[in-house]
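Please read it alongside the sequence and the structure.

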Amino acid sequence: PGAERGGCGGGGACGMDAPEHFTAEMYLPGVFLKYNSNNGYVSEGAIRHDDVVQAFLHFSFVASGGSLLLSDLQGVARDGEVLLTDPQVLSVSVPPSGGGFGPGDIGPRGARA
């Protein structure tokens with residue numbers, strides 16, 4: 001009893017519907033680094049592979065024909081690779097309020113930052 005979806009014994013809060021789905025990723029061993037954000041932060045270039053990650057942001061803009069920008073790039077850098085996680089897509093060519101890529105998609109405002 002109580003283990004049904006949304007019940008008090010099923011891991012959810014009493015009286016609230018528990019989510020039906022969730023997304024998870026494997027643990028990324030190493031030092032977690034923030035390269036840029038969707039509100040203007042850009043790392044100073046002193047962290048491993050910074051130039052490659054910033055070039056990837058630019059590539060996403062060019063490859064989409066200037067309509068999208070992959071930002072909020074963060075993850076774990078290793079000797080020969082960067083494992084990025086939880087990026088934010090910005091819709092560049094939509095109204096200033098943002099597009100359809102979730103609440104972090106702040107549209108052209110984020111791309112200009």
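Among contacts (heavy atoms within 4.5 Å) in the protein chain between residues at least 6 apart in sequence, 36% join residues at least 24 apart. The model is predicted: local features need pLDDT of at least 70, side-chain atom pairs count only at pLDDT 80 or more, and totals for chains, interfaces and linings use all residues. Residues are numbered from 1 along each chain as its sequence is written, and side-chain values use heavy atoms, with hydrogens and water left out.

**Overall make-up**
- The protein chain has two helices and five strands; these are DSSP runs numbered from the N terminus, helices being H or I of at least four residues and strands E of at least two.
- From the N terminus on, the order of elements is β-α-β-β-β-β-α.
- Of the 113 residues in the protein chain, 32% are buried (under 20% relative accessible area, with exposed over 50% and partly exposed in between; 1.4 Å probe, protein chains only).
- The protein chain exposes about 7,400 Å², and carbon and sulfur atoms supply 60% of it (Shrake-Rupley method, 1.4 Å probe; for residues, only the protein chains shown count as cover).

**Nonpolar core and surface patch**
- The largest nonpolar core has 11 residues, among them Leu33, Tyr35, Val53, Leu73 and Ile106 (a core being a set of buried Ala, Val, Leu, Ile, Met, Phe, Trp, Tyr and Cys residues joined through side-chain atoms within 4.5 Å).
- Helix H1 (50–63) and strand S2 each supply at least two residues of this core.
- In soluble globular proteins, nonpolar side chains tend to be buried together.
- On the surface, Phe56, Phe59 and Leu84 form a nonpolar patch with about 270 Å² of accessible area together.
- Leu84 sits in strand S4 and counts as partly exposed because its relative accessibility is 34%.

**Asp72**
- Asp72 is in the loop between strand S2 (68–71) and strand S3, and it counts as buried because its relative accessibility is 13%.
- Not counting residues up to four places away in sequence, Asp72 touches residues including Lys34, Asn36, Thr85 and Gln88.

**Glu81**
- Glu81 lies in the loop between strand S3 (74–77) and strand S4 (82–85).
- With 35% relative accessibility, Glu81 counts as partly exposed.
- Leaving aside neighbours within four places in sequence, Glu81 is in contact with His49 and Val76.
- Glu81 and Arg48 are 33 residues apart along the chain, and their C-alpha atoms are separated by 9.6 Å.

Notes. Patch = residues over 30% accessible without salt bridge, like charges linked within 9 Å, V, L, I, M, F, W, Y side chains within 5 Å. Salt bridge = Lys/Arg side-chain N within 4 Å of Asp/Glu carboxyl O.
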